[in-house]
Amino acid sequence: MLEDLAEMAPGPELAAFLATVDRSVLNGYEMVELMRARSRQIAHEQAALLADMVEVAHCASGEFDSPAGRMERPDEFASDEIRMALCLTRRPADRMLSLALDLVNRLPAVHEALSRGQLDLARARVFAAETAVLDEPTARQVAGEELDWATNRTTGQIGARLRRKVISVDPDAARRRQERSVARRSVHSGLDEHGTARLAGYRLPADRAAEALARIDAIARAVKQAGDERSMDALRADTFLDLLTGVETAGAAAGGAVELRVSLSTLMGLSNEPGEVAGWGPVIGEIARKIAKQQARGPWRASVYDDSGGLVFHGRVRRRPTRIDEQFVKARDVTCRAPGCRVPASHADLDHTRDFAKGGATIPENLGVMCRHHHGYKHHDGVDVLQIMPGVFVWTSRLGHRYVVPHDPPDLPD
């Protein structure tokens, strides 16, 4: 029966089988299939739990022997019943009930996908959060169009895709959401459990935040190249504090290049399709045009696409790049080419898919973006990576599973 495990739908039969499995007799490949099956079963039970919460919210007041009465609307204090029954604090109980009502009533296809084990709870939550700005029919349409695509994607990939889609289908709603959020921008601080401090800005304008982080990163890299032994994370943190407190910062003149990806029609003001800031995600068309105008004074570079998705320009307005192939591949790949990894190309290495030492050519068709972690993992015993066509990679894990990383070009207007 183990050979059929990958095809078994979650439910009572799968639950019963999982309860009998002896892990000690399974090899690595089989253990991965077992892990996947159990994840599907957990998602199925989580969908059932959310449905239970919705029913609890609609139950009429009564005792243990009362009839099964239901109210038309959820009880005002329904989350308190959930909180006390499940030993939750108030805010998590409120969030769980809100998610349950949202998925069961507003996005039933997403709830059904959770019940089938097609999505886990974290990914279902992304669908609810990213479509919250849309009216119910449009939210259902967007979710339905993206469910199959989302099956093998991470929460980060799904969130970026849905944000872009929301901007495309209702740019005014996306703009209003962005404006309301920026109006509530704030700085939060406090101590953590280690006795160290946290200091962070929230709901910041995306263009200014990206430019600020690029500046911090560029200064930290300049200091590192000058021989400083601190880690890059420590250098970024210390640079962040130095800039805020007015301390003279070595390499302060350094400017990091922030990349904008945008369609030509959006850049020309002919459409409001979203652009994308590398490492940050989709931004509304108005912000994309604003960023493009900032290039004359700031450390930005742009990748501009025609309506068919072809790259028509890549570079800085102030000067052309000298390493054409490197810049082209990074613009093509966008992020690290490992499954689910979203480290932006600007923070990753350019790697020969077929090693140079083994005859691999230094051409775009044999180059790909790889973050430091996955660059090392690629050379781990048993791991193999192929680039079957430009930008499309197939990874074979050390336990024998294959994962395809498709080339996802920017979504452009029809």
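Biologist: What do β1 and β2 form, and how many residues sit between them?
Modeller: β1 and β2 form a hairpin with five residues between them. In the turn, G195 has a positive phi of about 85°. Strands here are DSSP E runs of at least two residues, numbered from the N terminus. This is a predicted model: local features need pLDDT of at least 70, side-chain atom pairs count only at pLDDT 80 or more, and totals for chains, interfaces and linings use all residues. Residues are numbered from 1 along each chain as its sequence is written, and side-chain values use heavy atoms, leaving out hydrogens and water.

Biologist: In which sense do β1 and strand β2 pair?
Modeller: Antiparallel, over six bridges. Pairing takes at least two bridges found by DSSP. L191 stands opposite A197 in β2.

Biologist: How many of the six residues of β1 are buried?
Modeller: Zero, so strand β1 (residues 186-191) lies largely in the open. Buried means under 20% relative accessible area, exposed over 50%, and partly exposed in between (1.4 Å probe, protein chains only).

Biologist: New topic. Is K378 buried or exposed?
Modeller: K378 counts as buried because its relative accessibility is 8%. K378 lies in helix α15 (residues 372-378). Helices are DSSP runs of H or I, at least four residues.

Biologist: What does the side chain of K378 make with the side chain of D351?
Modeller: A polar contact, at 2.8 Å. That term means a pair of N or O atoms within 3.5 Å; within protein, one must be able to donate a hydrogen and the other to accept it, and residues adjacent in sequence count only if both atoms are side-chain atoms. The K378 side chain also reaches the backbone oxygen of T353 at 3.2 Å.
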